[in-house]
Amino acid sequence: MINERVKCPLSSAIKDIGGEWDIIIIRFLLEKDMRFNELLKSINGISSKTLSGALKRLSNANIVSRNVVSTQPFSVIYSLTDKGRDLKNVIENLESWEKKWD
């Protein structure tokens, strides 16, 4: 008998949004679409390199969309995809849980 690993949905979810800053980034993007520097200024304690890596990872997971606006100079606006917006209840539940146990 072959020992098969059962795919755990929670493991897959954590792979997509389990980075240290991922939930925080998603939380801010739930409020509104933002440019990179807006996110950087809004998220206390995150470095430019860390934010860039997290946005790339979230984009690869189809949670964040990167939209280039053809202005001079060009700008990039980050927004949540449908998959990302679907995390709203998860984040609200995490916030409620923290308030209860803080």
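Modeller: Two residues are in contact when heavy atoms of the two lie within 4.5 Å. The structure discussed here is a predicted model.

Colleague: Leaving aside its neighbours within four places in sequence, with which residues is S79 in contact?

Modeller: S79 is found in strand β3, which spans residues 75–80. Neighbours within four places in sequence are set aside for this list. The residues in contact with S79 are then D33, I63, V64, S65 and N67.

Colleague: Is S79 buried or exposed?

Modeller: A residue counts as buried when its relative accessible area is under 20%. For S79 the relative accessible area is 9%. S79 is therefore buried.

Colleague: With which side chain does the side chain of S79 make a polar contact?

Modeller: N67 is one of the residues in contact with S79. The two side chains also make a polar contact, at 3.2 Å.

Colleague: In what order do the strands of the open sheet stand?

Modeller: Strands of a sheet pair through backbone hydrogen bonds, either parallel or antiparallel. Here the open sheet has 3 strands with antiparallel pairing. Strands β1 (34–35) and β2 (64–69) each have a single partner strand, so they stand at the edges. The order is β1-β3-β2.

Colleague: Over how many bridges do β2 and β3 pair?

Modeller: Strands β2 and β3 form a hairpin, with 5 residues between them. Taken together, β2 and β3 pair in the antiparallel sense over 6 bridges.

Colleague: Which residue in β3 stands opposite R35?

Modeller: Strands β1 and β3 pair in the antiparallel sense over 2 bridges. In β3, the residue opposite R35 is I77.

Colleague: How many of the 6 residues of β3 are buried?

Modeller: S79, a residue of β3, is buried. Strand β3 is largely enclosed by the rest of the structure, because its buried residues number 5 of the 6.

Colleague: Is E31 exposed or buried?

Modeller: A residue counts as exposed when its relative accessible area is over 50%. The value for E31 is 54%, whereas R27 has 29% and counts as partly exposed. E31 is therefore exposed.

Colleague: By about how much of the helix are K88 and E92 separated?

Modeller: K88 and E92 form a salt bridge, their closest N and O atoms being 3.9 Å apart. K88 is partly exposed at 42% relative accessible area, and E92 is partly exposed at 36%. Because K88 and E92 are 4 residues apart in helix α6, their separation is about one helical turn.

Colleague: What accessible area do V90, L94, W97 and W101 have together?

Modeller: V90 has its place in helix α6 (residues 88–101) and is partly exposed, with a relative accessible area of 39%. V90, L94, W97 and W101 form a nonpolar patch on the surface. Their accessible area together is about 470 Å².

Conventions. Residues numbered from 1 in each chain as written. Predicted model: local features only at pLDDT ≥ 70, side-chain atom pairs only at ≥ 80, totals over all residues. Heavy atoms only, no water. Buried < 20%, exposed > 50% of the residue type's maximum accessible area, 1.4 Å probe, protein only. Polar contact = N/O pair within 3.5 Å; in protein donor to acceptor, adjacent residues only side chain to side chain. Patch = residues over 30% accessible without salt bridge, like charges linked within 9 Å, V, L, I, M, F, W, Y side chains within 5 Å. Areas by Shrake-Rupley, 256 points an atom, 1.4 Å probe, with all protein chains shown as cover. Salt bridge = Lys/Arg side-chain N within 4 Å of Asp/Glu carboxyl O. Pairing = 2+ DSSP bridges.
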